[in-house]
Amino acid sequence: MLRICSLTSGSKGNCIYISDGSSIILIDAGVPYSQIKNSLKAIGADVSDVEGIIVTHEHHDHIAGLARAASEGIKIYAHPLAQRAIEARTGLIKFEQVDFYDSGFYVGGVRVNPFRVPHDAAYPLGYTLTSGGDKIGVVTDAGHITDGIVNNLTGSRTVFLEANHDREMLLGGSYAKQLKKRIDGANGHLNNGNAGEIACKVAGAKLERIILGHLSEENNTPELAFSTVVEALYAKGVREGRDVEVEVALQNKTTDIF
């Protein structure tokens, strides 16, 4: 059975731990490498056991620790178009070269399947990871809901889903007009309502847990994200705590290992 833990999640950095019991995979390395090592140690894992880091896209809050991790010999996986964008920011990195990246590949014993998401990056991706019939889906940055997102997440036991902002908080807040437009735009970030809509679409017999992540510290609260998604599920007849568990990942705290 696959296990997942958010080591850190938010606008200041993102890193997700996934393991099948033998292989450890990280999705993104958006905080300093030393912080990643310490977070892994705190959950009883060691960075030397990391089989690879899979990158969603090139924004700083997803790659801040990547160059150091690569220099320490950790295998780095990113789409070729994302590789160029990452190296434009970090300098040369040794990437694992995967033929037909979009078709999926294995990291250790875990099957990794990328899928496109709408975001203002060179080649932004979400991922599903499967092992022994178990499936976890991850979408950290996406501007709007697509059939591809819903179709790929469907059938997951656990979904890690962006709930970046409360739309009213964002539009009424202190951010500059252009930044608000970017975040709220078609290639920006999913808001709480979007997360609730996706949660309703992917809820089913297999879904046990939704982890809400990439929350803005300025334009959201954990309570708002949780209540918005839970209310959307309730309206569909899906009860939190009975049919599905909803968790919230934070910037400065690891989640439990689920």
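**Aspartate 28 and the chain around it**

Reader: Why is aspartate 28 called buried?

Author: Aspartate 28 has a relative accessibility of 1%. Buried means under 20%, so at 1% aspartate 28 counts as buried. Please keep in mind that this is a predicted model.

Reader: Where is aspartate 28 found, and what is its phi near?

Author: Aspartate 28 is found in the loop between strand 3 (24-27) and helix 1 (33-42). Its phi is near 75°, a positive value in a residue other than glycine. Most residues other than glycine have a negative phi.

Reader: What makes phenylalanine 100 exposed?

Author: Phenylalanine 100 has a relative accessible area of 71%. Exposed means over 50%, so phenylalanine 100 is called exposed. Like aspartate 28, phenylalanine 100 has a positive phi in a residue other than glycine; for phenylalanine 100 the value is near 55°. This residue lies in the loop between helix 4 and strand 6 (105-107).

Reader: Let's turn to helix 4. Which of its residues are buried, and what do they pack against?

Author: Helix 4 covers residues 80-90, and Ala82, Gln83, Ala85 and Ile86 are buried there. The buried residues of this helix pack against helix 2 (60-63) and helix 3 (66-71). Glycine 91 follows helix 4, with a positive phi near 90°.

Reader: How do you know that arginine 68 and glutamate 72 form a salt bridge?

Author: Their side chains meet at 3.0 Å, N to O. The cut-off is a nitrogen within 4 Å of a carboxyl oxygen, so the pair qualifies as a salt bridge. Both partners are partly exposed: arginine 68 has a relative accessible area of 42%, and glutamate 72 has a relative accessibility of 44%.

Reader: What makes aspartate 120 and arginine 182 a pair that links distant parts of the chain?

Author: The two residues are 62 residues apart. Aspartate 120 is in the loop between strand 7 (110-116) and strand 8 (125-131), whereas arginine 182 is in helix 7 (residues 177-184). Their side chains meet in a salt bridge at 2.5 Å, N to O.

Reader: Why is each of these two called partly exposed?

Author: Aspartate 120 has a relative accessible area of 32%, and arginine 182 has a relative accessibility of 32%. Partly exposed is the range between the buried limit of 20% and the exposed limit of 50%, so aspartate 120 and arginine 182 both count as partly exposed.

Reader: Which parts does the pair of arginine 167 and aspartate 184 tie together?

Author: Arginine 167 lies in helix 6 (residues 167-172) and aspartate 184 in helix 7, so the pair ties together parts that are 17 residues apart in sequence. The salt bridge has an N to O distance of 2.8 Å. Arginine 167, at 43% relative accessible area, is partly exposed, and so is aspartate 184, at 26%.

Reader: How many salt bridges are there, and which residues are linked in a network?

Author: The count comes to eight salt bridges. Asp134, Arg157 and Glu208 are linked in a network of them.

Reader: Where is glycine 108, and why is it called partly exposed?

Author: Glycine 108 sits in the loop between strand 6 and strand 7. Its relative accessible area is 41%, which falls between the limits of 20% and 50%, so glycine 108 is partly exposed.

Reader: How do you know that glycine 108 meets other parts of the chain?

Author: Leaving aside neighbours within four places in sequence, glycine 108 is in contact with Ser23 and Glu51. The C-alpha atoms of glycine 108 and serine 23 are separated by 5.7 Å, although the two are 85 residues apart along the chain.

Reader: What is the secondary structure of the chain, and what makes the chain as compact as a globular protein of its length?

Author: The chain has nine helices and twelve strands. Its radius of gyration is 17 Å, close to the 18 Å that the globule rule gives for 258 residues, so the chain is as compact as a globular protein of that length. Along its principal axes the C-alpha trace spans about 45 × 45 × 35 Å. Buried residues make up 55% of the chain. Among contacts between residues at least 6 apart in sequence, 61% join residues at least 24 apart.

How values were computed:
Residues are numbered from 1 along each chain as its sequence is written. This is a predicted model: local features need pLDDT of at least 70, side-chain atom pairs count only at pLDDT 80 or more; totals for chains, interfaces and linings use all residues. Side-chain values use heavy atoms; hydrogens and water are left out. Helices (H or I, at least four residues) and strands (E, at least two) are DSSP runs, numbered from the N terminus. The radius of gyration is taken over C-alpha atoms; the globule rule is 2.2 Å times the number of residues to the power 0.38. Buried means under 20% relative accessible area, exposed over 50%, partly exposed in between (1.4 Å probe, protein chains only). Contact means heavy atoms within 4.5 Å.
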